[in-house]
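Visitor: Hi! Could you walk me through this one in plain words?
Guide: Happy to. Here it comes.

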Amino acid sequence: MKQWAKSVQVALVFIGTVVGAGFASGREVMQFFTRFGHWGPYLIIVSTLFFVWIGAKVMLLSAELKAKSYEDLNKYLFGEKTGRWVSHIMLVVLLGVNAVMLAGAGSVFSEHLNLSYQTGLIVTMFACFMLLRKGMNAILTINTFVVPLMIGFTAFLVFETLKTPNSGHWLMRSSELSPWAAWLSPFLYAAFNLSMSQAVLVPLGASIGDAKLLRRGAWIGGIGIGALLLAGHLALSARMPGIAQFDIPMGGIARELGAWIHWVYVFLIFMEIFTTLVADIYGLTLQLHERTKASPWMLTMILLLLCFLAGQLGFGPLLSTLYPMFGLLSLGWLFLISRDRARTALPPKPPSSPTSTSGTLESPPRLSEPHTDGT
């Protein structure tokens, strides 16, 4: 039972890292699935299979290699030289995604809480820095809280949708868009989200180290992601085409269900932005610490400051400019990693030390503590 609980923890981190602010807003579900009408459920199934397959692959390889960061995994997959360049690109991409997340938090404060955009940026940065002092355990804890809340909110939306006369639209609604565009969509969605998630999945797999536990977590997490996408697709399809006019479609649904639902939604989308930001900053800090050996907390401060400066451009411009480019780059990463034949079993682990046990989450050095090799 204890092993199943740990697998569920892995699954919750997987879900929380992949299904972030884009899902909570409804924009990603609309863009990649709902606008393709009756093709939507089939496209979601394709994406789900990729999440299970590649998610497990990333975590198992990371455990086998005892990878300290995603650069170690990329060097193994693509070779020393190419892997280093892939990691350089991922560093820039993740920094851009973090800037988008921070800007999104500022927008939530300014549009829904009647506070200034800059206040949202500063409060979010401070909370992120304080939480990351706890390392991987903090990411586990926050996702254990946020992901069930998101699942509950999505289930409530589906329940309310099933009571509407148009609840069957998700199966019957046709689309005039190209079938080629439709079938490329799940690959782009899975590629972008999986490549961004490796900043967390790599240290997660390395710290767990149990192949059976990781496989189970990948299956639970991947299927959970697919179920959430399908639920969001159902809720949005039943309200098409009118819901497409909203920049944040889920917000439109929340408003029609009442004021308190709307406030739950505002809190949820902020927490999804926050968990994505925390996870990605954590992965970037590990990556830069391995290269520079600089103090982790100092690296975290520098990364957050860079995101703050980029966030001055605003949420909308950053999102529309960076995400399409990142999606194409991520498609190349998905193609390359899918070609590698992951080993099916991990080598025997050495006997556990008195201070650690197999299957437990051993975080890299906390961000509040300097770290050098051999300590």
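Guide: Glu71 and Lys75 sit four residues apart in helix 5 (residues 70–78), so about one helical turn separates them. Helices here are DSSP runs of H or I with at least four residues, while strands are runs of E with at least two, numbered from the N terminus. This is a predicted model, in which local features need pLDDT of at least 70 and side-chain atom pairs count only at pLDDT 80 or more, while totals for chains, interfaces and linings use all residues. Residues are numbered from 1 along each chain as its sequence is written, and side-chain values use heavy atoms, with hydrogens and water left out.

Visitor: What do the side chains of Glu71 and Lys75 meet in?
Guide: They meet in a salt bridge, at 3.5 Å from N to O. The term means a side-chain nitrogen of Lys or Arg within 4 Å of a carboxyl oxygen of Asp or Glu. Side chains of opposite charge can pair when their charged atoms come close.

Visitor: And is Glu71 buried or exposed?
Guide: Glu71 counts as buried because its relative accessibility is 5%. Lys75, at 23%, counts as partly exposed. Buried means under 20% relative accessible area, exposed means over 50%, and partly exposed lies in between (1.4 Å probe, protein chains only).

Visitor: How many salt bridges does a search of the whole structure find?
Guide: The search finds three. Besides the one between Glu71 and Lys75, Glu80 pairs with Lys75 at 3.4 Å, N to O. Arg84 and Glu80 pair at 2.9 Å, N to O. Those two are four residues apart in helix 6, so about one helical turn lies between them. Through shared partners, the salt bridges join Glu71, Lys75, Glu80 and Arg84 into one network.

Visitor: Which helix gives the most to the lining of the largest cavity?
Guide: Helix 8 does, with four residues. Helix 2 (21–25) and helix 8 (136–162) each supply at least two. Among the lining residues are Phe23, Met150, Thr154 and Leu268.

Visitor: What about the surface: which residues form a nonpolar patch?
Guide: Trp297, Met298, Met301, Ile302, Leu305, Leu306 and Leu309 do, with about 620 Å² of accessible area together. Patch residues have over 30% relative accessible area and no salt bridge, with like charges joined within 9 Å and nonpolar side chains (Val, Leu, Ile, Met, Phe, Trp, Tyr) within 5 Å. The areas come from the Shrake-Rupley method with a 1.4 Å probe, and for residues only the protein chains shown count as cover.

Visitor: Where is Leu306 placed?
Guide: Leu306 is in helix 14 (residues 296–310). With 40% relative accessibility, Leu306 counts as partly exposed.

Notes: On a 1 Å grid over the protein atoms alone, a cavity is a set of points where a 1.4 Å probe fits but cannot get out, and a pocket is an open set with protein on both sides within 12 Å along at least five of seven lines; lining residues have an atom within 4 Å of a point.
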